[in-house]
Structures are given as structure tokens and as C-alpha cells.
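I opened the notebook to record what I looked up in one protein.

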Amino acid sequence: GAYYRTVKLPRGMWYDLWTGEAQTGDRTITAYAPPQQTPVYIQAGAVLSGKVADSFRLTDSMLQEDDT
């Protein structure tokens, strides 16, 4: 019945797969994680490959290019 989990993010910028919310790494966060949803974080600049549900949409913040 837990709805939150502790997640350690390595150094870098990370995005919540479900919400697109950005998180700075090199720290431990408390992530919303109801029983049917595993917390998943994608590192900025990562390339994702695979099949996802037709209803899945990347958020605008996940699609922004890094100008650095």
C-alpha cells in the first residue's frame, strides 16, 4: 500500500518517465509510486528504444535540446 519510494539518482539531470518532471541527480529523492507504477527516471540525453503504449507521449520538457 505504499505510494512513495526512495530513489537514488546518480549525478546528472533526470526526467520522470511518467510526468516529465526534471530532477537534479547526485541525491536521494522520494518518488510518487503507487502499487501499479514503478518509478522510472531517464537521464538527459539518453536514447530510448523499444515499444511503448500508443497513449504514451513525451512531455515538452523531455524534448528540449541541450544548448550547452
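The entries below go from the whole chain to single residues.

**Entry 1: the whole chain.** I noted at the outset that this is a predicted model. I looked up the secondary structure and found one helix and five strands. Along the sequence the pattern is β-β-β-β-β-α.

**Entry 2: surface and burial.** How much of the protein is buried? Buried residues make up 25% of the 68 residues.

**Entry 3: contacts along the chain.** I took the contacts between residues at least 6 apart in sequence. Of these, 52% join residues at least 24 apart.

**Entry 4: the sheet.** I looked up an open sheet of three strands and wrote down its order, β3-β2-β5, with antiparallel pairing. Which strands stand at the edges? They are β3 (22-24) and β5 (41-43); each has a single partner strand, so one side of each has no neighbour in the sheet. From one strand to the next, the twist averages 35°. As a reminder to myself, strands of a sheet pair through backbone hydrogen bonds, either parallel or antiparallel.

I then checked one pairing in detail. β2 and β3 are antiparallel and pair over three bridges. Trp 14 stands opposite Gln 23 in β3.

**Entry 5: a residue of β2.** Tyr 15 lies in strand β2 (residues 13-16). Is Tyr 15 buried or exposed? Its relative accessibility is 18%, and the cut-off for buried is under 20%, so Tyr 15 counts as buried. I also looked up a distance: the C-alpha atoms of Tyr 15 and Gly 25 are separated by 9.9 Å, with the two residues 10 apart along the chain.

**Entry 6: the nonpolar core.** Which residues form the largest nonpolar core? I listed six: Val 7, Leu 9, Trp 14, Ile 29, Ala 31 and Tyr 41. Strands β1 and β4 each supply at least two residues of this core. The general rule I wrote beside this is that in soluble globular proteins, nonpolar side chains tend to be buried together.

Leaving out residues up to four places away in sequence, Ile 29 touches Arg 5, Thr 6, Val 7, Leu 9, Gln 23 and Tyr 41.

**Entry 7: aromatic pairs.** How many aromatic pairs does the structure hold? It holds two. The ring centres of Tyr 4 and Tyr 32 are 5.6 Å apart and the planes are at 70°, so this pair is edge-to-face. Tyr 4 is in strand β1 (residues 4-9) and Tyr 32 is in strand β4 (residues 27-32), so the pair ties together parts 28 residues apart in sequence. From C-alpha to C-alpha, Tyr 32 and Tyr 4 are 4.5 Å apart in space. Ring pairs link Tyr 3, Tyr 4 and Tyr 32 into a cluster.

Tyr 4 is exposed, with a relative accessible area of 53%. Tyr 32, at 46%, counts as partly exposed.

**Entry 8: contacts of Tyr 32.** Which residues does Tyr 32 contact? Setting aside neighbours within four places in sequence, Tyr 32 is in contact with Tyr 3, Tyr 4 and Gln 37.

Note on methods
Residues are numbered from 1 along each chain as its sequence is written. This is a predicted model: local features need pLDDT of at least 70, side-chain atom pairs count only at pLDDT 80 or more; totals for chains, interfaces and linings use all residues. Side-chain values use heavy atoms; hydrogens and water are left out. Helices (H or I, at least four residues) and strands (E, at least two) are DSSP runs, numbered from the N terminus. Buried means under 20% relative accessible area, exposed over 50%, partly exposed in between (1.4 Å probe, protein chains only). Contact means heavy atoms within 4.5 Å. Rings of Phe, Tyr and Trp (its six-membered ring) pair if their centres lie within 6.5 Å; planes under 30 degrees apart count as stacked, over 60 as edge-to-face and the rest as tilted. A nonpolar core is a set of buried Ala, Val, Leu, Ile, Met, Phe, Trp, Tyr and Cys residues joined through side-chain atoms within 4.5 Å. Two strands pair if DSSP finds at least two bridges between them. Axes are lines fitted to C-alpha atoms, for helices over the stretch in contact, and angles run from 0 to 180 degrees between N-to-C directions.
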